[in-house]
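Subject: The model we talked about

Hello,

Here is the structure for you to open alongside this email. My notes on it follow below.

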Amino acid sequence: MYFLFDYLVGRVVASATGGQGALKLTPYYMGLMTLMVKSGCTFYNGMTCRNLDTNSSGYIDLKELKEALDSVGYKIPQWKVRCMIEEYYDNGNKRGVNGSMNGDARKNAISLTEFEELCANLKAQQVSSTFKQAVSKKENLEHLGGMSEASSDGTTHSVRLEEQMAFSGWINSNLEHDPDLKHLLPIDHEGKQLYEKLKDGLILCKVINHSCPDTIDERAINKKNLTLYTKHENLTLALVSSQAIGCNIVNIDAHDLAKGKPHLVLGLLWQIIRIGLFNQITLEHCPGLTELLNDQERIEDLLALSPEAILLRWVNHQLQSAGVTRRCTNFQQDVADSEIYSYLLKQIAPDDSGVTLDALRETDLLRRAELMLQQAAKLRCRAFVTPADVVGGVYKLNLAFVANLFNQHPGLQRTADTEELHQLDETREEKTYRNWMNSMGVAPHVNWLYSDLTDGLVIFQLYDIIKPGIVNWKKVHRQFSKLRKFMERLENCNYAVELGRQLGFSLVGIAGADINEGNATLTL
């Protein structure tokens, strides 16, 4: 008795032709039919395959299951085949192998239909496994299962090993001289010890103070003879302080950090480091930012830009000053060949630094990136990225690398009107409100209090957090048309004022137009 594939091939051909007469096989079906041919299939009416059913009963003996799988191209280890057979027996012959329900099973044998379903399941598992391996290899990700009882089943968290290495290196280089951390630093180069060494909260508190000086009073940090309770106090202090500087700590608590959950630790670290890097991109720290203004733009327009957008302008400004025609539009593909970085380093470097363009002579991208980073080291700015990160276009790390370059060597001329610029600096009150909004996880990120609230969307999110369900989202314009953009934003702001009154806010003399226009006094 031959193993019949009539129904399988009929299904393939019917799907491939779409029920039409013309045969138009897709690559998937071509691959499937190629596999069948390699397995010994002969195509004709009443299609047959290798002789798998030795007793012509219409079933395959379970003792012959491994041989049958081998003959159709699935090289399954014997122990796994035994597990399949045990599963079949455990289900009391009511379910087929791999859990298929068809009521066709016979004792010590499986039907041809069950065998087909088994092969289909094995194929799906094979494709899934190959895809995951390919993604992991390409992205250099480490996949971790859920770390709580609620999420352990079927949950996967991904951790970038590059970020783990970069953040560990940043901590080592910036906190290595801190006397309170001598017993914890340095962290190993690969960052495998990072999560263990952050469990007492001491390093986290120090990182926060490095990014935003004086955020935490050093006297409040437990430093010696730490117990389980004092470590928990440090972690709680670090979380509350990170929220105060604008980090979003939703779904993160001290127990998560004490357990060293990698995806949460890296996420929190990135937010803290990012805030510290971007804190310097202000008119207060760099009055020369006014050089980045385009024609017809005001300083307020520059303040409304995100730090990422300002850094892109800065890079392109330096490229233009260097007489280079190429421009940067992102910190991924555009910087992968190290050309933009090489010209940028040469332009911002002091004359006596010895920075050169020798890296551009190298054709191999990895070696070129290494030579470029050697030039960055002359400026003491080799941080966050490795040659592989540059070539791979890892966004977070390349963004941090550029922000660090800006902070160390902005290369912008100080303007004369420093008093006027000082009046535009963000006040402590404005900064407090902005940090609170960002800590609530609103989107988009609030960079400048007045310009980022003019469409009302951030205000609605805050209302929904304060009193869930109060916002009727059907009345909110989330996307704006080109012709009615002004009116739609104004309608949002009017609705925001209306909801404020429902919540009992004192809004005398404040209208939606005031928020829409970015009126500083009335918005506050």
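In α17, the buried residues are Leu397, Asn398, Leu399, Ala400, Phe401, Val402, Ala403, Asn404, Leu405 and Phe406; buried means under 20% relative accessible area, exposed over 50% and partly exposed in between, with a 1.4 Å probe and protein chains only. This is a predicted model, in which local features need pLDDT of at least 70 and side-chain atom pairs count only at pLDDT 80 or more, while totals for chains, interfaces and linings use all residues. Residues are numbered from 1 along each chain as its sequence is written, and side-chain values use heavy atoms, with hydrogens and water left out.

Helices here are DSSP runs (H or I, at least four residues), numbered from the N terminus. Because 10 of the 14 residues of α17 are buried, the helix is largely enclosed by the rest of the structure. Its buried residues pack against α6 (161-175), α11, α13, α14 (339-348), α15 (365-378) and α16 (387-392).

The length of α17 (residues 395-408) also agrees with expectation: at 1.5 Å a residue its 14 residues should span 20 Å, and the end C-alpha atoms are 20 Å apart. The expected span is 1.5 Å times one less than the number of residues.

**The cores**

The largest nonpolar core has 110 residues, and Ile171, Leu289 and Trp314 have the most contacts inside it. Such a core is a set of buried Ala, Val, Leu, Ile, Met, Phe, Trp, Tyr and Cys residues joined through side-chain atoms within 4.5 Å. α11 gives the most to this core, with 11 residues. Another core lies apart from it, with 18 residues, including Val72 and Cys119.

What does Leu289 touch, leaving aside its neighbours within four places in sequence? Leu289 is in contact (heavy atoms within 4.5 Å) with Ile281, Thr282, Leu283, Leu302, Ile310, Phe406 and Leu412.

**Ser242**

Ser242 sits in helix α9 (residues 228-244) and is buried, with a relative accessible area of 0%. Beyond neighbours within four places in sequence, Ser242 is in contact with Ile208, Cys247, Ile249, Leu268 and Ile272.

**A lining by residue type**

The lining of the largest pocket divides into 17 nonpolar, 13 polar and 8 charged residues. Here Ala, Val, Leu, Ile, Met, Phe, Trp, Tyr, Cys and Pro count as nonpolar, Asp, Glu, Lys and Arg as charged, and the others, Gly among them, as polar.

Best wishes

Methods: Helices (H or I, at least four residues) and strands (E, at least two) are DSSP runs, numbered from the N terminus.
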